[in-house]
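Hi everyone, thanks for making time for this. Let me put the structure up, and then I'll walk you through a few parts of it.

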2 protein chains.
Amino acid sequence: MDRLPGFRDFLPEPVPTSKEDLWSMDLRNHIFDAWRQVAESYGFREYDGPPLEALELYTVKSGDEIVEQLFNFTDKGNREVALRPEMTPTLARLIAANERGYKKPIKWFSMPQLFRYERQSKGRKREHFQLNCDIVGETDRAADAEMVALIIDVLRALGLTSEDFVVRLSSRDAWQKYFEERSSDSEKATDFYQIVDKLEREDPEVSDKKLKELGFELAAVQDFIKQGNPTDELKIIIDNLTARGLGDFVKIDYGVIRGLAYYTGPVFEAFDKKGAFRAICGGGRYDHLVNLVSGGKVDLPALGFGMGDVVLAELLKARDLVPEFGDDLDVFVLIEEESERPASLGLIQQLRERSLNVDYSLTPMKGNKQFKRAQELGAEYTVRLDRGLAVLKHLSSREELRLAPEEIADHIIERALSQAEAEQN
Amino acid sequence: MDRLPGFRDFLPEPVPTSKEDLWSMDLRNHIFDAWRQVAESYGFREYDGPPLEALELYTVKSGDEIVEQLFNFTDKGNREVALRPEMTPTLARLIAANERGYKKPIKWFSMPQLFRYERQSKGRKREHFQLNCDIVGETDRAADAEMVALIIDVLRALGLTSEDFVVRLSSRDAWQKYFEERSSDSEKATDFYQIVDKLEREDPEVSDKKLKELGFELAAVQDFIKQGNPTDELKIIIDNLTARGLGDFVKIDYGVIRGLAYYTGPVFEAFDKKGAFRAICGGGRYDHLVNLVSGGKVDLPALGFGMGDVVLAELLKARDLVPEFGDDLDVFVLIEEESERPASLGLIQQLRERSLNVDYSLTPMKGNKQFKRAQELGAEYTVRLDRGLAVLKHLSSREELRLAPEEIADHIIERALSQAEAEQN
């Protein structure tokens, strides 16, 4: 029996093979830690919803066509349900039901696993994890700037620099104006946005043909992108980011438009500068979505972005920014005499109660084999009991100390703290 | 539109209402943090699999009856699939496919969300999160003891004591022997185990009738439980736990048997001592399951347990062990003059880059309102710029300091470190 196609297993490092759908749990946690840490540093609070929702939550916003791309089914209670393909509808549902209990602006993040029944192709998965950050209840462009800054700092926290990526900032409003000045058929607006969204990936002849059908010219659209005159709102966002020292990470680029129908203001996507990957993340304003999902009960402006783990992990690998994992073990306790096992178990218990990561051989094993195992596990220390004392060995410096067993935990923790202080100064 | 019945939403504290399916994301993270921290302190490494698996992965082990309780469906590629109802089959699949790359014993943990299509009743959910810890490749009872110790320490890390809970340790082997000495119909063994498993919850007359059908007497079964003579293997486990100082947390109790077919040796469940809740967790040895799931390709002994978040959270609430949440904000930056906004944004950026959690008002707001907001958010400090200097205020002590803006982060971090050292000594 194997896993389903398009899904991933996550194993501890070192992951034994490099099959496409066998991923590193340590790398996943590394990315999640950065997501959570930076989102919290921006004052965002975490939420989550169920991975299974009523199908209607998705069709109300995106129309019935989206059903093709969903893992949807009829449950045993005869409900039409779907595995969540994106988080924004869940967020809108949560906001509509609970916003009265929270001061505005609401700044929330989540790290859901999302599902799409995509046709299988290399690198295209049927699930991924996605950092979702949203600000609800604030129309000021300061919120849009805060959002773009957060994207930049998440990517920087993972080691990426302004050499590696850029956030392309655009305006759905500007595109809407462009469309409305040239077409009176507002129902075609979303079709138009989707063609523009695909321009960089699509054969120009195909785009040209599709645009002509809507009454537009490819060359004129390309000119509009090239001119790229920033709107006042985009200038405000750029100035705000410049005040933070983040000006180098962002540029105005009308080539970005976002395909989804619901965007209403500034939109943005982050890309690797070499252009080898799909967008690292994307988002923008969706000031009417909460109203739509709540059936008109709650009307709050909102904006947000989603950043998936798959493209991000590929980019980190390509830029050699995946750290070495597997050094989480603080202590390996050597039990060289079986008569020492009960006392050693007591020591192991003491150390673990102080939150130290401790391992040992469950069964009798030769001393040199135990030591080898300690090294394989990347232990920072070994400890062994010897005539009532504990011999603590720091493996990289080879320093050895003899202490009372109950002093071992204190010694290790104090050393770690002074090291943190030394690094701080 | 509402969430599906039996599913939960998780919101940041303070959660505005106490609806049954509206849970605290902070409490969930509090539980997850304890799970992960203690599992790692025991040298366990994290893994995960997909929430959707081939249906066959569950029917091969549990028979077709389990399908009734699953969220299962036919996907668009005509595959029979199911949302995972438990993690052990996924683990067995992962082990069968990848075990050669890992030294034995393999000590792994995971914190999956699991799904069952249960009939709706109070407190019964259709999903929960579950800590799963497993040791694979070790027959020695030292592994069983390590597993029970881990359960005890997870519960202790959440504040529970030997007043609150006990791990009831039993032996499937002893029950198997009991069965085989009295019945030659080995196909009925699992039925027998399931009746014994339900004894404490079931009407005695019903149990008696069911046991009689298999040729057993309720009174005799109850006697066997009462005697509870520990087998040698259980004595070894108890001695091992006593050496760790954990003897008070465990007792031999043959009333525990575990309902599932696949257990083969020691089994255990943790219960609150007042008996007000369902089992907090349960597990045991399943030495043949990897062999079964791998179709005979890989044969490794294994043992493990699962601990769900729902019963655990209810128990923590009942014992008043849920900490106060919402104090994660380190600094609220006050912007009293709009002319200071660009420089304040620069300061905010500096602080966040040092991993401090920082918030501020996105839009102009009166100074006293900003200060109130800082207090509501539980900020530890406020900072405001004043004529080129930064005024840092520690809210609980009301201490105020004037520093150069670039000294603020250092000051806060050093203070936190020396506080950690002071607590350590």
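When I say that two residues touch or are in contact, I mean that their C-beta atoms, placed from the backbone, lie within 7 Å. Keep in mind that this is a predicted model: local features need pLDDT of at least 70, side-chain atom pairs count only at pLDDT 80 or more, and totals for chains, interfaces and linings use all residues. Residues are numbered from 1 along each chain as its sequence is written, while chains are lettered from A and ligands numbered from 1 in the order in which they are written.

Let's begin with Val148(A). Leaving aside residues up to four places away in sequence, Val148(A) touches Val167(A), Leu169(A), Ile237(A), Leu241(A), Val250(A) and Phe268(A). Together with Ile151(A), Val148(A) has the most contacts inside the largest nonpolar core, which has 84 residues. By nonpolar core I mean a set of buried Ala, Val, Leu, Ile, Met, Phe, Trp, Tyr and Cys residues joined through C-beta atoms within 7 Å. Buried means 20 or more other C-beta atoms within 10 Å of a residue's own, exposed means 12 or fewer, and partly exposed is in between. Helix α4 of chain A, residues 141-157, gives this core its largest share, 11 residues. Helices (H or I, at least four residues) and strands (E, at least two) are DSSP runs, numbered from the N terminus. Another core, of 83 residues, lies apart from that one and includes Ile151(B) and Val256(B).

Stepping back to the whole of chain A, we have 14 helices and 19 strands. Of its 425 residues, 43% are buried. The C-alpha atoms fill a box of roughly 90 × 55 × 45 Å along the principal axes.

Now, a helix in chain B. How far apart are the end C-alpha atoms of α14(B)? They are 25 Å apart, which agrees with the 24 Å that its 17 residues, 408-424, should span at 1.5 Å a residue; the expected span is 1.5 Å times one less than the number of residues. Buried in α14(B) are Ile408(B), Ala409(B) and Ile412(B). These cover an arc of only 110° around the axis, so they sit on the same side of α14(B); the arc is that of the directions from the helix axis to the C-beta atoms. On the other side, Ser418(B) and Ala422(B) are exposed. Among the elements covering the buried residues of α14(B) are α12 (341-353) and β17 (381-386) of chain B.

That's my tour, and I'm happy to take questions!
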